[in-house]
Amino acid sequence: MYKLSKSIGRVKIKCKNEIRGCRATFPLAEQYCHSLDCVFELVGCPYRGCRAQLLRRDLETHTRHCEHWSQPCHMGCGVLLSQGTQAQHNCYQQLRLQHEAQRQSHRTVAIALKKKMRRMQKAMDHMKEQIALICESLEVMDDKQGEEGINSERSNSF
Ligand SMILES: [Zn+2]
Ligand SMILES: [Zn+2]
Ligand SMILES: [Zn+2]
């Protein structure tokens, strides 16, 4: 009995979708497996309300254009979109994300500005220091010039 069922399983059969164009032959045991991915298998459109039966290979094209197409909004707002409502769908979730992104970019700009200001502040501080140093040395020079008179002209010229 076991032997028999085993040899039956090895009998080669043609695909039941032969009339639709499938040329596959396979052991009987693999019939189920084949039917799962036979592109000539008749399958129903997955969208609710659509009665179309199509070859599996045509299903993708059909679902792309099916007038019963419906899908939850990919933004996750929970609205079920259909062919008719998809275009007008004003997704609050999307608006929220856009708003969030805008706020984020404003924040980035603000941070960048602050950094720039800090850098300018530093540069100014540095300049102030330099100016103070220059003033100091000028005062020293003044003093020296005052004290040494004409002689200083030689010693201070480079
Ligand atoms: Zn087949
Ligand atoms: Zn359909
Ligand atoms: Zn939405």
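## Val 39

Val 39 has 14 other C-beta atoms within 10 Å and is therefore partly exposed. The model that gives this count is predicted. In the chain, Val 39 sits in a loop, with α2 (31-37) on one side and β3 (42-44) on the other.

Leaving aside residues up to four places away in sequence, Val 39 touches Leu 55, Arg 56 and Arg 57. One of these, Arg 57, is 18 residues from Val 39 along the chain, and their C-alpha atoms are separated by 4.9 Å.

## Gly 49

Trp 69 lies 20 residues from Gly 49 in sequence. From C-alpha to C-alpha, the two residues are 9.2 Å apart.

## His 62

His 62 is partly exposed because 18 other C-beta atoms lie within 10 Å, whereas a buried residue would need 20 or more.

When residues up to four places away in sequence are not counted, His 62 touches Cys 45, Ala 52 and Leu 54. Cys 45 is 17 residues from His 62 along the chain, with 7.8 Å between their C-alpha atoms.

## Chain as a whole

The chain has 5 helices and 6 strands. Their order along the sequence is α-β-β-α-β-β-α-β-β-α-α.

Of the 158 residues in the chain, 1% count as buried.

## Confidence

Mean pLDDT for the chain is 87. A value of 70 or more is reached by 90% of the residues.

Within the chain, confidence is highest in β4, with a mean of 95. The lowest confidence is in helix α5 (residues 152-156), where the mean is 51.

Methods
Residues are numbered from 1 along each chain as its sequence is written. Chains are lettered from A and ligands numbered from 1 in the order in which they are written. This is a predicted model: local features need pLDDT of at least 70, side-chain atom pairs count only at pLDDT 80 or more; totals for chains, interfaces and linings use all residues. Helices (H or I, at least four residues) and strands (E, at least two) are DSSP runs, numbered from the N terminus. A residue is buried if 20 or more other C-beta atoms lie within 10 Å of its own, exposed if 12 or fewer, and partly exposed in between; C-beta atoms are placed from the backbone. Two residues are in contact if their C-beta atoms, placed from the backbone, lie within 7 Å. pLDDT is the predictor's confidence in each residue, from 0 to 100.
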